[in-house]
Amino acid sequence: MQKRKLGDLEVSAIGMGCMNLSGLTGKAAPIEYGLKAIRKAYDMGITFFDTAEAYGPYVNEKLVGEAIKPFRKEVILATKFGMISESGLNSSPAHIRKVVDESLQRLQTDYIDLLYQHRVDPNTPIEEVALCVKDLIKQGKVRYFGLSEAGSETIKKAHKIQKLSAVQNQYSIWTRQSERAVIPTCEELGIGLVAWGPLGTGFLTGNITPNDTFDVNNDLRATFPRFSKENMQANMPLVTMLQDIATKKSKACGIRVSPAQIALAWILAQKPFIVPIPGMDKIEYIEDNIRCMDIVLDKEDLDEIETRLSQIEIKGERLSQTLLDDIVEDI
């Protein structure tokens, strides 16, 4: 398994987003299957596992903690705070200390490798957040600090107080806002970018059609504008482009290449400090996604992708308005 650096933290070149195993984009997987999937990912070389207290809520941390217990010291465990409380977003120092202790219990560990603020809290200065995490690092409860869905100025302010190892923002071939300022800031400061949603919440795999529907009771995509029938139909040229590149690479390499592998290989080709964490809720997805590292997109491939992307207008907001309202700054 190839490795990449998030600041001073070394991780597998792709990580496992564990959220989907707890049912946020469809029905939750049975517990035994979730344990098997996470352990299969580890057996195949993935050493970077991503969860959050908000996933479930709480149940995903319990699943991940149980799954990695046999090899806890061999993996990098990331979780997040601050997105849920009785008052909504809450990153007050007292709340951070409380929920970190609760996460440690659910994860069955005495330290968190990478702790993210899940969303920027407009009511708590980021400097106070960074100071609190800095203290948790001194206590040994946390090893490294990260932010999620943060903009460039917040990143710079936090980094001055406590060195950031990673920023986790939505980033993919159809969600590229982070290229404007966040990625250049990360490059300047030596911070890694963790790309969540690298497969467009499933759309970029080619396994979703405009005729598919999503259950509003257990699938966040039912609320995402990009997943309306009209917008999915309008965005299908993007999938066609990925399928075309995959067919071309299949012929050149003599192996089957999937659109998902092209989408992930494209991310890996952007910067050496970017690590995608696809949501792999089926074992066959793990096996397919890992093979993206065997795919080398050369300059001709990347130029073709950019040319074709320039001719495609992506329709629909990336998230529901409720989730966008929790993002307090332009990314």
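**Loops, helices and core**

Reply: A place to begin is glutamate 149, which in this predicted model lies in the loop between β7 (142-148) and α5.

Me: Is glutamate 149 buried or exposed, and what is its relative accessibility?

Reply: Phi of glutamate 149 is near 55°, a positive value in a residue other than glycine. A residue counts as buried when its relative accessible area is under 20%. Glutamate 149 is therefore classed as buried, its relative accessibility being 1%.

Me: Tyrosine 58 also interests me; is tyrosine 58 buried, partly exposed or exposed?

Reply: Tyrosine 58 is placed in the loop between β4 and α2, and its phi is positive, about 75°, although tyrosine 58 is not a glycine. Partly exposed covers the range between buried, under 20%, and exposed, over 50%. With a relative accessible area of 34%, tyrosine 58 is therefore partly exposed.

Me: How are the axes of α1 and α2 oriented to each other, and which residues of α2 make the contact?

Reply: The axes of helix α1 (residues 31-43) and helix α2 (residues 59-68) come within 9 Å and cross at roughly 55°. That angle makes α1 oblique to α2, and the crossing is right-handed. On the α1 side the contact is made by Ile31, Gly34, Leu35, Ile38 and Arg39, and on the α2 side by Leu63, Val64, Glu66, Ala67 and Ile68.

Me: At roughly what angle do α4 and α5 cross, and which residues of α5 does α4 meet?

Reply: The axes of helix α4 (residues 126-139) and α5 come within 8 Å and cross at roughly 40°, so α4 and α5 are oblique to each other. Their crossing is right-handed. From α4, Ile126, Glu127, Ala130, Leu131 and Lys134 meet, in α5, Thr154, Lys157, Ala158 and Ile161.

Me: Which residues of α6 are buried, and what covers them?

Reply: In helix α6 (residues 182-189) the buried residues are Val182, Ile183, Thr185 and Cys186. Because they cover an arc of only 160° around the axis, these residues are on the same side of α6. What covers them includes α5 (152-161), β8 (164-170), β9 (192-196) and β10 (274-276).

Me: Which residue just after α6 takes a positive phi?

Reply: The helix in question, α6, spans residues 182-189. Just after α6, a positive phi of about 75° is taken by glycine 190.

Me: What does histidine 95 touch, leaving out residues up to four places away in sequence?

Reply: Histidine 95 has its place in helix α3 (residues 93-107), and with a relative accessible area of 12% histidine 95 is buried. Not counting residues up to four places away in sequence, histidine 95 touches Ile84, Ser85 and Asn90.

Me: Which residues in the largest nonpolar core touch the most other members?

Reply: In soluble globular proteins, nonpolar side chains tend to be buried together. Phenylalanine 48 has contacts that include Leu6, Val11, Met16, Ile76, Leu114, Val194 and Ile277, with neighbours within four places in sequence left aside. Of the 110 residues in the largest nonpolar core, those that touch the most other members are Met16, Ile38, Ile46, Phe48, Phe49, Ile173 and Phe203.

Key:
Residues are numbered from 1 along each chain as its sequence is written. This is a predicted model: local features need pLDDT of at least 70, side-chain atom pairs count only at pLDDT 80 or more; totals for chains, interfaces and linings use all residues. Side-chain values use heavy atoms; hydrogens and water are left out. A nonpolar core is a set of buried Ala, Val, Leu, Ile, Met, Phe, Trp, Tyr and Cys residues joined through side-chain atoms within 4.5 Å. Buried means under 20% relative accessible area, exposed over 50%, partly exposed in between (1.4 Å probe, protein chains only). Contact means heavy atoms within 4.5 Å. Helices (H or I, at least four residues) and strands (E, at least two) are DSSP runs, numbered from the N terminus. The arc is that of the directions from the helix axis to the C-beta atoms. Axes are lines fitted to C-alpha atoms, for helices over the stretch in contact, and angles run from 0 to 180 degrees between N-to-C directions. Angles under 35 degrees count as roughly parallel, over 145 as roughly antiparallel, 65 to 115 as roughly perpendicular and the rest as oblique. A crossing is left-handed if the near helix is turned anticlockwise from the far one by less than a right angle, and right-handed if clockwise.
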